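Here are my notes after a pass through this one. Have a look at the structure first, then see whether you read it as I do.

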Amino acid sequence: MTTNKPPIVRMQKLHKHFGSLHVLNDIDLEITPGEVVVIIGASGSGKSTLIRCINGLEEFQSGLLEVDGNLLKPMGKSTKALQTIRTEVGMVFQQFNLFPHLSVIDNVTLAPIKVRGQRRDQAIETAKRLLARVGIADQANKYPSQLSGGQQQRVALARALAMEPRLMLFDEPTSALDPEMIGEVLDAMRELAKEGMTMVIVTHEMGFAREVADRVIFIHKGEIAEQGAPEQLFDAPQHERTQAFLARVLKH
Amino acid sequence: MDVNFQFDWSAALASIPHLLPGIPWTLAISFGGLAIGFIIGIFFGLLRLSPVAWMRWLASVYIEVFRGTPILVQVLFIFYGLPQLLDGPINALTAGIAAIAVNSGAYISEIVRGGVQSIERGQREASLSLGLSRAQAFRYVIWPQALRRMVPPLGNQAIISIKDTSLFSVIGVGELVRQGQIYIATTFTALEVYFVVALMYLAITWTLSLLLRYFERSNLADQ
């Protein structure tokens, strides 16, 4: 974790309010290229909001946020930087958010063609390679509704990877899945981590977090309450809130 | 006076050739008006979704005015009223098409707004997260899905507008009802003629229903 590379994500004194609710409170966070960071915390703690700030799906009111050298200003006032960031940061959502009117292959090739200006045949070739990598090469011409949840989420992963992102965000990628499909999605993510992708993952899968994370961050009421290597955070949590949270989620 | 309560099938049959010329007029006013109404509807429907307050307000005013006044008054206003403002008469066909356009446009605005708003927020978020611009997200992801959901209410509106054209007999445009009135004036067979006129409307609207149902089915099959 101690590399000299400049951070790919740099947050300083980040604050976000939803009306009177202080969703993110004075967040300081740096993520190093190649690092796998898992964010845990109770629902409503602000962990999803935190990663959604990184690609500008949520605005913040004050503080500094820099992603791969692009500076995002508070209140969403940085259209150009935001556009650049979004082409370089991929995201996988809890509800997959595949485009239901497009076939699997069109889901994956849309952004490379329209945003990167790739030729169609070239985009299709890349898409097929990515679909094979996540184990669904044979589903390329189906529509999202014809796939299982696990397959849909793997298509969503391939779709994000098609933009060749420098950073991948995962917002509870397995929370909407039936238990028997969680494994296949986690396997695909595990592979990605092994290949050195920088990943920020919000999840409730503590076993997975312990296994793949370089660093685990515990968020409580919009603040980073504690962070550290998985062994340290899971086995010897310092903060009382972390202990209480882990006691709750690790019980079952 | 000899009052005859019998339905005279031969009179009904005989009226058909005299009524048929009304069909192209009815269709021209309906579909001409609806085509323009669709463009108006897209414009004001999207304006209603604008982040800019005065644009939303402008769209609301348009919708409230043309949805809140009778289409009969609208066509009379256009045909008899507007010529006093402009310099010269407006022909009845133009007035009819314009009335359907502005009237259906108001309803279609709401259909467009509803269709676009019905698309889950996640679709837009996924598009933006892939680097698509807001315009691209709308064009490639949101609009195609919204359009599919708009087909049933649009079909509904088309049927309503087709029937609304029957009111335009008051401005003398030679649509179905007008042809019926002219024919009845010489034959006094109101019962038979209006029955046939009704059947002709039914034939048009039912054909449209069948086409829409077929379109919806083939469209949903790939999802």
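Predicted model: local features only at pLDDT ≥ 70, side-chain atom pairs only at ≥ 80, totals over all residues.

1. On overall dimensions, the C-alpha trace of chain B spans about 80 × 50 × 25 Å along its principal axes. Of its 223 residues, 44% count as buried. Taking the contacts in chain B with a separation of 6 or more, 76% are between residues 24 or more positions apart.

2. The helix pair I'd look at is α2 (residues 22-48) and α7 (residues 134-164), both of chain B, which pack at an angle of about 140° with their axes 11 Å apart. That angle is why α2(B) counts as oblique to α7(B). The crossing of α2(B) past α7(B) is right-handed.

3. Who makes that contact? From α2(B), the residues include B:Phe31, B:Leu34, B:Phe38 and B:Ile42; from α7(B), they include B:Trp143, B:Leu147, B:Met150 and B:Leu154. By class, the contact of α2(B) with α7(B) has 12 nonpolar, 4 polar and no charged residues.

4. Now the cores. The largest nonpolar core has 52 residues, and those with the most contacts inside it are A:Met11, A:Ile39, A:Leu65 and A:Leu167. Its largest share, 8 residues, comes from α7(B). Apart from this core lies another, of 48 residues, with A:Phe96, A:Ala158, A:Met206 and A:Leu233 among them.

How values were computed: Residues numbered from 1 in each chain as written. Chains lettered and ligands numbered in written order. Heavy atoms only, no water. Axes fitted to C-alpha atoms, helices over the stretch in contact; angles between N-to-C directions. Helix = DSSP H or I, 4+ residues; strand = E, 2+ residues; numbered from the N terminus. Parallel < 35°, antiparallel > 145°, perpendicular 65-115°, else oblique. Left-handed = near helix turned anticlockwise from the far one by under 90°. Contact = heavy atoms within 4.5 Å. Nonpolar A, V, L, I, M, F, W, Y, C, P; charged D, E, K, R; others polar. Core = buried A, V, L, I, M, F, W, Y, C linked by side-chain atoms within 4.5 Å. Buried < 20%, exposed > 50% of the residue type's maximum accessible area, 1.4 Å probe, protein only.
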